Amino acid sequence: MQTLVIVAKRDTPQAVALAAEIQQRHPSLTVLADRALAHALNWPRIEDRELAVRADAVVVLGGDGTLIYAARLLGGRNVPIIGVNLGSLGFMTEISVEELFSRLDDVLAGNFHVDSRMKLSCRLMRGGKVLIEDEILNDVVINKGALARIADHETSIDGVPITTYKSDGVILATPTGSTAYSLSAGGPIVHPSVDCTILSPICSHALTQRAIVVPADRTIRVTLKSETADTYLTLDGQTGHSLQGGDCIEVVRSPNRVGLVRNPRVAFFTILRQKLHWGER
């Protein structure tokens, strides 16, 4: 590995100090940073596209939201991501600050295991034209604003009609995103090694309409049938797009994946126990 890219949570002095220390400890590496971090360190500011092309590995200093941002920055490149959590243990950022430098040394020596996570390809279509096309690590959310009425979401899988959800919205999540908004909406927790899409209505008017788990290679289409103002499409919690009646959102597994460097001392169920306080009274 020759080029290391650091992506950090904004306005976090600890992240700035750690990034500077990484560069000092590895003078033989080219160490680059996202624009905000580069500005804080007075390093050369590199455009996101160039960072994605040049990165041999990425260090994330922050939390799960920062890691999602880094995965989006990389686009389709499956570059190992070392997620370092600056707060409590994250679902994706498994490595503590104390373990950062030992794990980074292991990665640079080629001694590491990558957890391969699936992504979703999402397209927003209006009037037969593709308005937006993006890749998602966590979830695709169709949701109404605070004062909007519930909407009709006509849903099909591989062209077969499933139902029309009369609800506040619909969540389409990856297994990685199963512990995020989908979980709050009553969706199941899915182990990240399982490739599938979780389809969860948000506050459905019909109590029998529950979350379902769909094979990852199936194409799910949700069409907004009612003219409901103040309805939005949110991708990974990072970008939002206003929706109109008749808009169609199409989701299927992406051919690209995200590689997260595993912490050998932390298992997925260990994270669940700690984050969700299982076994506590």
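User: Which side chain does the side chain of Arg-117 make a polar contact with at 3.0 Å?
Analyst: That is the side chain of Thr-176. Bear in mind that this is a predicted model.

User: Where is Arg-117 placed?
Analyst: Arg-117 lies in strand β5, which covers residues 114–126.

User: Is Arg-117 buried or exposed?
Analyst: Buried. The relative accessible area of Arg-117 is 4%, and the cut-off for buried is under 20%, so Arg-117 qualifies.

User: What does Arg-117 touch, leaving out residues up to four places away in sequence?
Analyst: Phe-91, Met-92, Leu-137, Thr-176, Pro-192, Arg-257, Val-258 and Leu-260. Thr-176 is also the partner in the 3.0 Å polar contact.

User: Switching to helices. At what angle do the axes of α1 and α5 cross?
Analyst: Roughly 45°. Helix α1 spans residues 13–25 and helix α5 spans residues 100–108. Their axes come within 12 Å. That angle makes α1 oblique to α5.

User: Is the crossing left-handed or right-handed?
Analyst: α1 passes α5 in a right-handed crossing.

User: Which residues meet there?
Analyst: From α1, Leu-18, Glu-21, Ile-22 and Arg-25. From α5, Leu-100, Phe-101 and Leu-104.

Terms used:
Residues are numbered from 1 along each chain as its sequence is written. This is a predicted model: local features need pLDDT of at least 70, side-chain atom pairs count only at pLDDT 80 or more; totals for chains, interfaces and linings use all residues. Side-chain values use heavy atoms; hydrogens and water are left out. Helices (H or I, at least four residues) and strands (E, at least two) are DSSP runs, numbered from the N terminus. Buried means under 20% relative accessible area, exposed over 50%, partly exposed in between (1.4 Å probe, protein chains only). A polar contact is a pair of N or O atoms within 3.5 Å; within protein, one must be able to donate a hydrogen and the other to accept it, and residues adjacent in sequence count only if both atoms are side-chain atoms. Contact means heavy atoms within 4.5 Å. Axes are lines fitted to C-alpha atoms, for helices over the stretch in contact, and angles run from 0 to 180 degrees between N-to-C directions. Angles under 35 degrees count as roughly parallel, over 145 as roughly antiparallel, 65 to 115 as roughly perpendicular and the rest as oblique. A crossing is left-handed if the near helix is turned anticlockwise from the far one by less than a right angle, and right-handed if clockwise.
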